[in-house]
Amino acid sequence: MSLVFALADCNNFYVSCERVFDPKLEGKPVVVLSNNDGCVVSRSNEARALGIKMGAPVFEISSLIKKHGIKVFSSNYALYGDMSQRVMECLSGFAKDVEVYSIDEAFLDLSGFAHENLSDYGQRICSTVKKWTGIPLSIGIAETKTLAKIANKIAKKSPDSKGVFDLTGPFCKDKALLMTAVSDIWGVGSSYSAFLERNGIKNALLLRDADAALKAGIKRKMGVWGARIIDELKGISCYSVETRPQPKKGITASRTFKHPVENLKELKEAIATYISVGAEKLRDENAVTSSISVFLMTSRFKVEDFYYNLKTSELPVATSDTGELIGYAVRCLEEIYKKGCMYKKAGIMFKDLSRSCIQLSLFDKRDRKRSERLMQTLDAINLKMGSGTVSYAATAPGKVKSWHTVFEKRSPLYTTNWEQIPQVL
């Protein structure tokens, strides 16, 4: 049985989520902003046509926003996460194996659908997802994941494809690879693309057909990864659909502050909040950490006053207990805090994650069983009643925080908050 992969990618996902609950936005320029309403992280095709670039700072496009009446939204990650789950559940009905690659992308194993017209099948997937969730898709179909990525890009750009492009046919493959810049190949980063271009490889077709000497150089520079990319471009599959997500090697929680923070007490509140977020992710992974790092930094744009520092603490016993981790983090923060600095960003990192049995210390006095029950209760309440319903006093719950992430233009939590469910009047 020949292998066939499909990459389903939600179009302008964050914008599409906003349009599901406000149909008046269809056909109008819309942008969604990053944390603290800083930069553009999603844009509609209409906004793109006006020249708005991905990552553009909002203050630089304020005149365009006013001139063209562009609708602007703050990021609404709870809504986007829930809509993503709905899309993925819908996709799972069209393939035996589905790999959730990102919040808006999934690989489908269509190897058992050789009897189907793959383009028609892709159209059926798109129409069903749009009908059931309101989210538009583009689908690329090919014999490998790398080729499916290329096919997906063509599906997005070509109006004739109607959102689906099948690259399994023998006649269109060379043209598609010729149209694909080497920097647009899945897995080829900026440094590798610069190396390839210096060696005369400007597109995917030239990379696939590179001579033996050049292939040897690519393998020396890019390792096994480079050799696999070439094989994938040839239609030799090196990567299967991963139905089980790979365990995380580390967890980071950090934010850029809307306004600089100098006060140590406020920084402790921020760090305690990030620890709470990170510890919850740890427990979701059924993991514990034996290493915690805390970092502080001022604005990068004030070079003369720039300050950055990081402190790592190795824990005597690996843990995922929020309260215990807050204690370690606060001590790390106190060591790197420098009075008089106006901090623009802070964060925490968990490393050396483990999912096996915890090695206890001979001198450990903490009741680990009690700690585990407490965390289970904490997570259960917050899952049922909403994130942050129960939190540690160190996070200063209920207090107006100057360091808190700003979402001034955020839409309602249509699907995750009973009080904000859309009403039909």
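User: How many helices and strands does the chain have?
Analyst: The chain has 13 helices and twelve strands, taken as DSSP runs (helices H or I of at least four residues, strands E of at least two) numbered from the N terminus. This is a predicted model, in which local features need pLDDT of at least 70, side-chain atom pairs count only at pLDDT 80 or more, and totals for chains, interfaces and linings use all residues. Residues are numbered from 1 along each chain as its sequence is written, and side-chain values use heavy atoms, with hydrogens and water left out.

User: In what order do the five strands of the open sheet lie?
Analyst: The order is S5-S6-S1-S7-S8, with mixed pairing; two strands pair if DSSP finds at least two bridges between them.

User: And which are the edge strands?
Analyst: Strand S5 (98–102) and strand S8 (164–166) are the edges, each pairing on one side only.

User: How many bridges join S7 to S8?
Analyst: Three bridges connect strand S7 (residues 137–142) with S8, and the two run parallel. Ile 141 stands opposite Asp 166 in S8.

User: Which strands does helix H4 touch?
Analyst: Helix H4 (residues 77–91) packs on the sheet and touches strand S1 (5–10), S5, strand S6 (105–109) and S7, where contact means heavy atoms within 4.5 Å.

User: Changing topic, what share of the chain is buried?
Analyst: Buried residues make up 45% of the 425 residues; buried means under 20% relative accessible area, with a 1.4 Å probe and protein chains only.

User: What does the C-alpha trace span?
Analyst: Along its principal axes, the trace spans about 65 × 60 × 50 Å.

Methods
Axes fitted to C-alpha atoms, helices over the stretch in contact; angles between N-to-C directions. Buried < 20%, exposed > 50% of the residue type's maximum accessible area, 1.4 Å probe, protein only.
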